[in-house]
Amino acid sequence: MARRSSAAEAAVESDEVFELAAELFRVMSSPMRLKIISSLCNGEKNVSELLSEIDTTQPNMSQHLNTLYQGGVLGKRRDGVQIYYRITNDRVVTLCRAICTQIAIEADLAH
């Protein structure tokens, strides 16, 4: 296994990397946002489609979608009066799947 150079290690441990990671975790820190991300893994959807899958109010859904959009996790496009949301940050999907899968495995083992 190759050992990282000290320059690469310093870059990984830089304040900027930690700040960016913390911001990404902040954006993902809501169960509702994780549900939205999970729902959008299968392709773009409008707010009505998301509301049919996720039990919440339209204003609450819109607030969480805006947080994910502002955080660079989602993109959106308008088609008439509908706004469609899609995932634009694949790292978020990979991270969510890894964490949620591990938690599910550990929860299953605990029972």
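Q: Why is Arg26 called partly exposed?
A: Its relative accessible area is 43%. Buried means under 20%, exposed means over 50%, and partly exposed is what lies in between (1.4 Å probe, protein chains only), so Arg26 falls in the middle class.

Q: What kind of model is this, and which rules stand behind the values?
A: It is a predicted model, where local features need pLDDT of at least 70 and side-chain atom pairs count only at pLDDT 80 or more, while totals for chains, interfaces and linings use all residues. Residues are numbered from 1 along each chain as its sequence is written, and side-chain values use heavy atoms, leaving out hydrogens and water.

Q: How confident is the predictor, and where is confidence lowest?
A: The pLDDT, which is the predictor's confidence in each residue from 0 to 100, averages 88 over the protein, and 87% of the residues score at least 70. The lowest mean is 62, in helix H1 (residues 6-12), and the highest is 98, in S1. Where pLDDT is low, the coordinates should not be read in detail.

Q: What makes Glu23 and Arg26 a salt bridge?
A: The term asks for a side-chain nitrogen of Lys or Arg within 4 Å of a carboxyl oxygen of Asp or Glu. Here the closest N and O atoms are 2.8 Å apart, so the pair qualifies. Both residues lie in helix H2, three residues apart, about one turn of the helix. In general, an α-helix has 3.6 residues a turn, so residues three or four places apart point the same way.

Q: Which other pairs pass that test?
A: The structure holds three salt bridges. Glu44 and Arg77 meet at 2.5 Å, N to O; this pair links distant parts of the chain, 33 residues apart, with Glu44 in the loop between H3 and strand S1 (45-46) and Arg77 in strand S2 (residues 74-79). Glu53 and Lys45 meet at 2.8 Å, N to O.

Q: What makes a set of residues a nonpolar core, and which members touch the most others here?
A: A nonpolar core is a set of buried Ala, Val, Leu, Ile, Met, Phe, Trp, Tyr and Cys residues joined through side-chain atoms within 4.5 Å. The largest one has 20 residues, and Ile36, Ile37, Leu65, Val73 and Leu74 touch the most other members. Among the elements that each supply at least two residues are helix H2 (15-27), helix H5 (58-70) and strand S3 (82-87). H3 gives the most, with four residues.
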